[in-house]
Amino acid sequence: MNRAIIFDVDGTLSETEETHRKAFNRAFEHAGLSWHWDQDLYRELLGVTGGKERIRHYIEDHGGAGAPANNLDDFIRAMHAEKTKAYTQMVTGGEVELRPGIRKLISDAQASGYRLAIATTTTPANVDALLGATFGDEGHDLFEAICAGDSVPNKKPAPDVYLLALEQLGLPAEDCIAIEDSRNGLLSSVAAGIATIVTPGIYTHDHDFGEAALVIEDLESFDLSGFSWDSPVERK
Ligand code: XBP
Ligand code: MG
């Protein structure tokens, strides 16, 4: 079978956004800034994908006291690098685990001959850390294509990262399914023409998933062999 499943990372493979949020706050502290993103504010800021873009949005929309008047790009890049360091340290330190059902879904997919890929907005180093911490050395080899972060000019909800995954897989959209947790991710994969299964995460339960082929609250209950490639699907 020449079909592939393309996985989102944050909120899908693992509930990582709380660790991201803590890493942002550690970076702000490290820089001597008074900024603190609590869960309510972070839920709002998650509407902007990409950590650098999120920091810029926060400065523009929430004042960002302490941000420099010029060389803002360098400031944001440095802040985000510090955040990524803090995040990868927490992940390699064992702070996150796979979402329930993901490990079985991946092994079932492999047993059924599916090819696997990743399409994510997060930074490649974060993907490496997560795959290493959850799958060990063979984690990286599970996925034929890992498309992440700044490898595309436009982040989700733009289709760029999914189009790159299709290109690297050498497959048409109709031979792939995407698995996502958020509306931004769903809009991205659907814009790339890919039927998408959504499994809402802690920060995305209230999102509109109208364009999804299937919405699954509990991934442990999902049986891949029952997924029909043709019929539009119901909310489970
Ligand atoms: C989620 C994102 C990322 C993470 C933070 O990515 O939007 O920006 O929140 O990671 P996805 P970075 O759901 O597409 O996996 O700070 O590295 O961007
Ligand atoms: Mg996600």
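I started at helix α1, where R21 and E18 sit 3 residues apart, which means about one helical turn separates them. (Helices are DSSP runs of H or I with at least four residues, numbered from the N terminus.) The side chains of R21 and E18 meet in a salt bridge, 2.8 Å from N to O. I count a salt bridge when a side-chain nitrogen of Lys or Arg is within 4 Å of a carboxyl oxygen of Asp or Glu. The structure holds 14 of these salt bridges.

Housekeeping: this is a predicted model, with local features needing pLDDT of at least 70 and side-chain atom pairs pLDDT 80 or more, while totals for chains, interfaces and linings use all residues. Residues are numbered from 1 along each chain as written, chains are lettered from A and ligands numbered from 1 in written order, and side-chain values use heavy atoms, without hydrogens or water.

Next I looked up ligand 1. What surrounds ligand 1? I found 20 residues, the closest being G51, H80, K83, T120 and T123; a residue is near if one of its heavy atoms lies within 4 Å.

Then I checked polar contacts (pairs of N or O atoms within 3.5 Å). An N or O atom in the K83 side chain is 2.8 Å from an oxygen atom of ligand 1. A polar backbone atom of D10 is also 2.8 Å from a ligand 1 oxygen, and for a backbone N or O atom of V9 I noted 3.5 Å.

Last, which helix gives the most to the shell around ligand 1? That is α1, with 3 residues.

Terms used:
A polar contact is a pair of N or O atoms within 3.5 Å; within protein, one must be able to donate a hydrogen and the other to accept it, and residues adjacent in sequence count only if both atoms are side-chain atoms. Helices (H or I, at least four residues) and strands (E, at least two) are DSSP runs, numbered from the N terminus.
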